[in-house]
Amino acid sequence: MNKQAPYYQTIGKEVEVFEHAYKNKIPFLLKGPTGTGKSRFIEYMAYKLGKKLITISCHEETSSTDLVGRYIIKGAETIWSDGPLTTAIKQGAIIYLDEIAEARPDVIVAIHSLTDHRRELFIDKLGETIKAHEDFMLVASFNPGYQKGFKELKPSTRQRFIATAFAYPEAKIEAEILINETGVDAGIAKKLVNIATKIRNLTELGLTETVSTRLLVDAAKLIHSGLPKRLSVQVAIVEPLTDDLDVVEALKDLCNLMI
Ligand SMILES: Nc1ncnc2c1ncn2[C@@H]1O[C@H](COP(=O)(O)OP(=O)(O)OP(=O)(O)O)[C@@H](O)[C@H]1O
Ligand SMILES: [Mg+2]
């Protein structure tokens with residue numbers, strides 16, 4: 001591989017855990033709120049292990065057909081086309097089912113036989129069972145209690161994975177992420193992290209999701225590219241968080257004081 005390594009700041013033992021999960025081919029679940037580095041982590045691990053990564057962003061219309069494959073009409077012929085999951089199984093890639101709880105129930109059914117000792121996929125349209133390549137690994141992410149309608153994962157599904165929780169990193173590490181990711185100076189990085197910490201502690205605001213590392217990265221990028229600091233924080237941190245005008249005003253005042 002000649003691609004540049006994705007930048008990922010290790011937070012805890014997640015790299016080590018993932019390496020062992022991969023060695024044992026145990027499915028891996030990344031839990032945690034938006035913008036906490038789940039996608040970046042899996043990109044990094046795939047790179048580190050030298051494996052191809054196939055990512056599927058699951059949404060409420062995602063069905064097992066989308067993952068497994070379908071017949072398509074080509075000219076006068078009908079031919080079978082492997083879906084991304086089937087491709088990953090055959091090639092020995094890592095498949096990442098992002099926001100797996102959003103997908104339709106038949107997706108969960110389809111992966112069950114892949115996530116236990118059988119490691120195989122039954123393709124009903126072909127009447128065929130395929131064994132997973134020994135390098136194949138299944139990874140999924142899940143934002144607990146965050147999705148609309150609180151879609152949950154059944155215990156029988158959850159317990160097929162080992163799981164690691166992702167959260168906002170401690171202040172020093174988060175500032176380092178901002179510096180490395182955007183080139184912003186240490187003083188600004190520290191102020192942005194202080195703003196985030198402050199807002200994260202304001203639970204009385206009742207925000208559905210609070211300031212993520214992603215929002216801080218965006219703010220730092222804008223500042224680094226020369227947009228005024230207060231404006232950067234307003235558009236990258238405050239406005240994405242809420243549409244409640246009173247809350248916006250209160251947060252703007254707070255941020256103006258802190259940046
Ligand atoms: N540990 C980390 N190391 C490097 N960058 C990070 C880290 N954590 C967060 N980031 C930054 O935050 C951004 C958002 O992270 P990422 O897209 O991985 O979040 P996510 O957890 O997958 O979110 P979502 O649930 O919304 O998909 C990244 O693009 C990166 O800039
Ligand atoms: Mg993601």
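Select R200 and Y168. R200 lies over the face of Y168, at 4.1 Å from the ring centre. Keep in mind that this is a predicted model.

**Stop 1**

Are the two partners buried or exposed? E174 has 0% relative accessibility and counts as buried. R200, at 17%, counts as buried too, because the cut-off is under 20%.

**Stop 2**

Select D116 and R160 next. Their closest N and O atoms are 3.2 Å apart, and they form a salt bridge. D116 is in the loop between α5 (105–112) and β6 (120–123), and R160 is in the loop between α6 (155–158) and β9 (162–165), so the pair ties together parts that are 44 residues apart in sequence. Salt bridges with shared partners join D116, R118 and R160 into one network.

Move to K90 and D82. Here the side chains meet in a salt bridge, 2.7 Å from N to O. K90 is partly exposed, at 46% relative accessibility. D82 is partly exposed as well, with a relative accessible area of 28%.

**Stop 2: helix α5**

Select residues 105–112. In this helix, α5, the buried residues are V107, I108, A110, I111 and H112. What do they pack against? Show α3 (64–68), α4 (84–91), β5 (94–98), β6, β8 (137–142) and α6: the buried residues of α5 pack against these elements.

**Stop 3: the aromatic rings**

Show the aromatic side chains. A search of the whole structure finds seven aromatic pairs. Zoom in on Y8 and Y44. This pair is tilted, with 5.6 Å centre to centre and 35 degrees between the planes. It links distant parts of the chain: Y8 is in the segment before α1 (14–24), Y44 is in helix α2 (residues 38–49), and they are 36 residues apart. Y8 counts as buried, at 10% relative accessibility. Y44 counts as buried at 17%.

Now pick F28 and F41. They form a tilted pair, 6.4 Å centre to centre and with 35 degrees between the planes. F28 lies in strand β1 (residues 28–31) and F41 in helix α2, so the pair ties together parts that are 13 residues apart in sequence. F28 is buried, with a relative accessible area of 0%. F41 is buried too, at 0% relative accessibility.

One more ring is worth a click: Y22. K25 lies over its face, at 4.2 Å from the ring centre.

**Stop 4: helix α9**

Select residues 213–224. This is helix α9, with 12 residues. From its first C-alpha to its last it reaches 16 Å, close to the 16 Å expected at 1.5 Å a residue. Which of its residues are buried? They are T213, L215, L216, V217, A219, A220 and I223. An α-helix has 3.6 residues a turn, so residues three or four places apart point the same way. Show what lies over the buried residues: the cover includes α7, α8 and α10 (229–241). Then step just past the helix to G226, which takes a positive phi of about 110 degrees.

**Stop 5: the annotated domain**

Select residues 174–256. UniProt, in an unreviewed entry, places the feature "domain: CbbQ/NirQ/NorQ C-terminal" here. The span is 75% helix and 0% strand. Its end C-alpha atoms lie 21 Å apart.

Finish on C255, in helix α11 (residues 245–258). C255 counts as buried, at 2% relative accessibility. What is it in contact with, leaving aside neighbours within four places in sequence? Select I195, I199, V233 and V238 to see these contacts of C255. Last, take the distance from C255 to I237. They are 18 residues apart along the chain, and their C-alpha atoms are separated by 9.1 Å.

Key: Residues numbered from 1 in each chain as written. Chains lettered and ligands numbered in written order. Predicted model: local features only at pLDDT ≥ 70, side-chain atom pairs only at ≥ 80, totals over all residues. Heavy atoms only, no water. Salt bridge = Lys/Arg side-chain N within 4 Å of Asp/Glu carboxyl O. Buried < 20%, exposed > 50% of the residue type's maximum accessible area, 1.4 Å probe, protein only. Helix = DSSP H or I, 4+ residues; strand = E, 2+ residues; numbered from the N terminus. Contact = heavy atoms within 4.5 Å. Expected span 1.5 Å × (residues − 1). Phe/Tyr/Trp six-rings, centres within 6.5 Å; stacked < 30°, edge-to-face > 60°. Lys NZ or Arg CZ within 6 Å of the ring centre and 35° of its normal. UniProt positions renumbered as here; feature names shortened; annotations may be inferred.
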